[in-house]
Amino acid sequence: MSGGYDDRGNRDASIANPQGMGEAQPVHEGGHAHAAPGGPFLIGEAMTGGYGRGADILHACTIAVERGEIAVIVGPNGAGKSTAMKAVFGMLNLREGAVRLDGEDITELSPQARVRRGMGFVPQTHNIFTSMSVEENLEMGAFIRRDDFRDTMAQVYDLFPILKEKRRQAAGELSGGQRQQVAVGRALMTRPKVLMLDEPTAGVSPIVMDELFDRIIEVARTGLPVLMVEQNARQALEIADKGYVLVQGRNAHTGTGRELLADDEVRRSFLGG
Ligand SMILES: Nc1ncnc2c1ncn2[C@@H]1O[C@H](COP(=O)(O)OP(=O)(O)O)[C@@H](O)[C@H]1O
Ligand SMILES: [Mg+2]
């Protein structure tokens with residue numbers, strides 16, 4: 001079992017949990033064979049499918065993130081970025097393709113089961129409970145945990161100090177940037193092994209966007225892989241180890257953030273020249 005040591009009782013545990021769910025839940029339910037090392041940590045590979053019985057939205061679409069890296073998905077509105085994220089999280093029935101986490105095929109697992117396996121997902125919309133307090137939102141995030149999650153909450157408050165200040169306030173009363181911090185904090189409360197963010201900077205000012213990116217980089221540096229969709233393509237590719245440009249449900253360009261930023265076609269078509 002790779003990286004399976006038990007960090008139970010480690011008070012200094014990082015907010016990231018790259019070694020496993022630790023005190024949360026056993027990672028290997030149901031006797032699945034564990035995963036060979038190597039390959040991306042999380043991959044939705046050659047995914048084809050759509051919503052219900054509707055037409056396919058994704059066409060052999062692949063997105064992935066490696067251990068310790070930030071991967072960014074960009075592309076025009078309606079390209080299928082959110083759909084690809086939902087597919088990786090198990091919210092879509094794929095007609096073809098597979099999703100693998102740490103080498104294990106999880107294509108058939110429910111979203112809830114994926115959370116237990118270590119996936120933290122912040123959807124693009126409706127990602128907080130607006131009528132609940134900030135702290136109640138974080139507590140909701142810890143729903144799968146049976147252990148004491150106060151240390152993790154303290155770590156979330158260290159990462160986003162404004163949330164500690166506003167912990168008794170209804171989350172719906174917060175600014176856009178603060179609400180996104182609540183949403184990310186909520187996802188971190190499970191101590192995920194990988195963090196998926198769909199447009200974490202939507203609707204915030206450039207200054208707040210920079211701050212959020214800094215926090216995301218900080219989280220990634222603790223060893224937590226981050227797979228995120230961003231509409232601020234240029235800024236996002238600047239912090240990306242790997243970038244995916246999706247167009248009409250297909251992979252149009254893939255490379256390191258740097259390669260995509262330097263690619264003439266990508267610049268002309270997606271970065272405004
Ligand atoms: N819940 C849904 N049911 C049916 N079609 C959807 C749903 N969500 C998105 N779509 C369609 O899927 C396509 C891709 O949408 P989406 O993944 O949200 O794009 P993006 O996130 O890149 O803007 C669009 O044509 C959109 O209308
Ligand atoms: Mg979207």
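The buried residues of helix α1 are K81, T83, A84, M85, K86, A87, V88 and F89, where a residue is termed buried if 20 or more other C-beta atoms lie within 10 Å of its own, exposed if 12 or fewer, and partly exposed in between, with C-beta atoms placed from the backbone. Because eight of the nine residues of α1 are buried, this helix is largely enclosed by the rest of the structure. Just after α1, G90 adopts a positive phi of about 90°. Helices (H or I, at least four residues) and strands (E, at least two) are DSSP runs, numbered from the N terminus.

The structure is a predicted model, in which local features need pLDDT of at least 70 and side-chain atom pairs count only at pLDDT 80 or more, whereas totals for chains, interfaces and linings use all residues. Residues are numbered from 1 along each chain as its sequence is written, and chains are lettered from A and ligands numbered from 1 in the order in which they are written. The average pLDDT (the predictor's confidence in each residue, from 0 to 100) of the protein chain is 88, and 86% of the residues score at least 70. Over residues 1–13 the pLDDT is below 50, and this stretch has 16 contacts in the model beyond near neighbours in sequence. Residues 20–33 also have pLDDT below 50, with 26 contacts beyond near neighbours in sequence. Here, two residues are in contact if their C-beta atoms, placed from the backbone, lie within 7 Å.

The secondary structure of the protein chain amounts to 10 helices and 10 strands. Of the 273 residues in the chain, 44% are buried. Among contacts with a separation of 6 or more, 69% are accounted for by residues 24 or more positions apart.

At least three residues of the core come from each of domain 1 (37–118 + 193–201 + 224–273) and domain 2 (125–192), the bounds being taken from an automatic or database domain assignment. With neighbours within four places in sequence left aside, M196 is in contact with M85, V88, F89, M119, G120, F121, V122 and L227.

The shell around ligand 1 consists of Y51, G54, I57, G75, N77, G78, A79, G80, K81, S82 and T83, a residue being near a molecule or strand if its C-beta atom, placed from the backbone, lies within 6 Å of it. Helix α1 (residues 81–89) contributes the largest share of this shell, three residues. By class, the shell divides into three nonpolar, seven polar and one charged residue; Ala, Val, Leu, Ile, Met, Phe, Trp, Tyr, Cys and Pro count as nonpolar, Asp, Glu, Lys and Arg as charged, and the others, Gly among them, as polar.

I43, in strand β1 (residues 42–50), is buried, with 22 other C-beta atoms within 10 Å. Residues up to four places away in sequence not being counted, I43 touches T62, A64 and R100. The C-alpha atoms of I43 and A98 are 8.0 Å apart, although 55 residues separate the two along the chain.

G243 lies in strand β9 and has 27 other C-beta atoms within 10 Å, and is therefore buried. Not counting residues up to four places away in sequence, the contacts of G243 are V72, V74, L237, G255, T256, G257 and L260. The C-alpha to C-alpha distance between G243 and T254, 11 residues apart in sequence, is 5.7 Å. D241 occupies the loop between α8 (233–238) and β9 (242–247) and counts as partly exposed, with 17 C-beta neighbours inside 10 Å. Outside four places in sequence, D241 is in contact with E69, I70, A71, T256 and G257. A C-alpha separation of 8.5 Å relates D241 to G255, 14 residues apart along the chain.

Positive phi values also occur in residues other than glycine, including A60, at about 50°, and Q248, near 50°. A60 is found in strand β2 and is partly exposed, with 14 other C-beta atoms within 10 Å. Q248 is placed in the loop between β9 and β10 (250–255) and, with 14 C-beta neighbours inside 10 Å, counts as partly exposed.
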